[in-house]
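Dear colleague,

Please find below the structure that I am handing over to you.

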Amino acid sequence: MAGDTLSVENDDQDGEALIHRVMQAGKRVSPSQTLDEIRKHAARGLQFLPTPLRELEPGATYPVQVGEALVDVAAEFDRRLTEQERKR
């Protein structure tokens, strides 16, 4: 793993999405995983972490960046909030 990017759902990024839809309209979109499947998934994920993070070394870092699409959404939210506050 070289790092993570935080972004919005429809922002295509290189790599594997770490968050997947499991519910929609209050219903599961796929069957629950078994405990064994969850354990295997977690073990696979741990294999890809850099050694300092896997071994919980103090001061270990992991690069995380904010995607441009999320930056744009946040800026639009801030703009609208400021606009509403001015109207009060």
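Is Val71 buried, partly exposed or exposed? Please keep in mind that the model is predicted. Val71 has a relative accessible area of 36%, and because buried means under 20% and exposed means over 50%, Val71 counts as partly exposed.

As for its place in the chain, Val71 lies in helix H3, which covers residues 68-87.

The wider setting is as follows. The protein has three helices and four strands. Read from the N terminus, these elements follow the order β-β-β-α-α-β-α.

Regarding overall dimensions, the C-alpha trace spans about 55 × 40 × 25 Å along its principal axes. The radius of gyration of the protein is 18 Å, whereas a compact globule of 88 residues would have one near 12 Å.

The surface and the contacts may also interest you. Of the 88 residues, 1% count as buried. The protein exposes about 8,000 Å², and 54% of this area is supplied by carbon and sulfur atoms. Where contacts join residues at least 6 apart in sequence, 64% of them link residues at least 24 apart.

With kind regards

Terms used:
Residues numbered from 1 in each chain as written. Predicted model: local features only at pLDDT ≥ 70, side-chain atom pairs only at ≥ 80, totals over all residues. Heavy atoms only, no water. Helix = DSSP H or I, 4+ residues; strand = E, 2+ residues; numbered from the N terminus. Buried < 20%, exposed > 50% of the residue type's maximum accessible area, 1.4 Å probe, protein only. Rg over C-alpha atoms; globule rule 2.2 N^0.38 Å. Contact = heavy atoms within 4.5 Å. Areas by Shrake-Rupley, 256 points an atom, 1.4 Å probe, with all protein chains shown as cover.
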